[in-house]
Amino acid sequence: MKQKVSQISPDKLYASLLKRKNEQEQQARLKSPIVTANKYLVSSNRNSGGSSKIEAKKSRPASGKDFKDVSSVLLKKTHARQNSKLIETKENSQNLSTSALSLLLKIKQDKCENKQSQVQQPKDLYNQQTIQKKYQKLMEMTKQQQQLILKPKLFKGPRSISNPDISTMQLQIAKANGQSAAGMLYNGQTKTNQDIYKLIQRFCNRENDWYIQVSDGHGTNGHQVAQFLREVLPQFVQQGVVNLTTCYERDKQINLVLKNCFLQTNDELMDSGIDITYSGATTVVVLSFDNVLYCANIGDSRAIIGRFDNKLSVIELSKDHKPDCFLEQARILQRGGRVQAYSDEDGNPIGPARVWKQDEDVPGLAMSRSFGDYIASQVGVICEPEIFKHSLLPCDKFIVVASDGIWEFLSNEQVVETVYEYYKRDDSQGACQKLVQLAREAWQREDEVIDDITIVIAFIK
């Protein structure tokens, strides 16, 4: 029998056995329905403590792993059908899982190959294009830098803290005028005018560059000091600016040039032969390079910008250096000076704060920075300028630079309102005359003397 089974194919043998089994079951059902006990069914007994379940598991048929030999399974007369189904099901599931896994791996591999073939070339092409663009940009920057070196041009619209966004419009000073008037003494006599101003168009031989300076002398020889500054300071500034051949770090360079020029001018003043023991001068300088302004100031002369952006407003280009300003006073006290105003019989302060020596009532200077003033310089008065930069905007309309004869009794807002009316008429000279008149009238109302009055107005277009 074993030899016959081995010669017959498993499929045919399984079909004959299945047919025979079905015939026997039909005959048995026709005769009488007999219920036979199934040794694999376990009665439900909760008190058995699980032992019956363990025994039932032990008595179950072996898994498909034990039926590797198909002939051994078919020889068993009992449960051949169930065992054959288990073997077939497991083999089919293993075949399906193996075939599905291999199919997924193949699909994934094909996708990766397609993706690499499709993406690799555009990516390489993109990298090449990016490198080529960067190279072209670098070459353009090199050409621009070479052009700047060959044809230097200062201050082409840099950014600033006050003006982060620079307009592409080319803004510059279109015209400027100035006026200076001598003051009046207690007895009504006209005093010696110690104010000066200087305007230089085409500064450093550049078409749109301007130099504006206002100096206010004080002391016995203040007028001589102011005249000296008018002649010497612009020369030093021009020499320093001409040496700037590139725009690299221009802000640092301009600041350094202006500071050195002020210090060098003061050294020349010390050796000039002018008696500056109790004499000196304040000075404010405005440099205009295309649409950028640099303002250097020592003392209480002042520079402002009139701006119209739906309404009039003031932009300050300088800061007054008064002895009672915190940092100024701290420096003076550290150098052995003291800050105190004149006082009446009851000790009440009269007028502005002044600089004095600690043990003497001299020099009584009403500002904390100036040229000259030898005695005051021993107790903290310095000639180092404070420098501010401003980039012009389309709403900036005009610049006003003046001595304290204007600012003593006229506010910044009054000055701007007055000048704007003349700006609309394009009359800068008329604006200067009007403000000098208003300042003299204010001095006559408020004081017994009239200080020297000097003003320069520049219109921006």
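Is asparagine 205 buried or exposed? This legend set walks through a predicted model, one close-up at a time.

**View 1. Asparagine 205 sits in a loop between two strands.** The strands on either side are β2, covering 195–201, and β3, covering 210–218. Asparagine 205 counts as exposed because its relative accessibility is 66%, and the cut-off for exposed is over 50%. Look at the backbone here too: asparagine 205 isn't a glycine, yet its phi is positive, at about 60°.

**View 2. Aspartate 426 is another non-glycine residue with a positive phi.** Its phi is about 60°. You'll find aspartate 426 in the loop that runs between α11 (412–423) and α12. How exposed is aspartate 426? With 38% relative accessibility, aspartate 426 counts as partly exposed, since that label covers values between the 20% and 50% cut-offs.

View 3. Zoom in on glutamate 448, which belongs to the loop between α12 (428–446) and β14 (453–460). Glutamate 448 has 59% relative accessibility, so it counts as exposed.

**View 4. A cis peptide bond links valine 362 to proline 363.** The omega of this bond is near 0°. Which strand holds proline 363? That would be β10, made of residues 363–365.

Terms used. Residues are numbered from 1 along each chain as its sequence is written. This is a predicted model: local features need pLDDT of at least 70, side-chain atom pairs count only at pLDDT 80 or more; totals for chains, interfaces and linings use all residues. Side-chain values use heavy atoms; hydrogens and water are left out. Helices (H or I, at least four residues) and strands (E, at least two) are DSSP runs, numbered from the N terminus. Buried means under 20% relative accessible area, exposed over 50%, partly exposed in between (1.4 Å probe, protein chains only).
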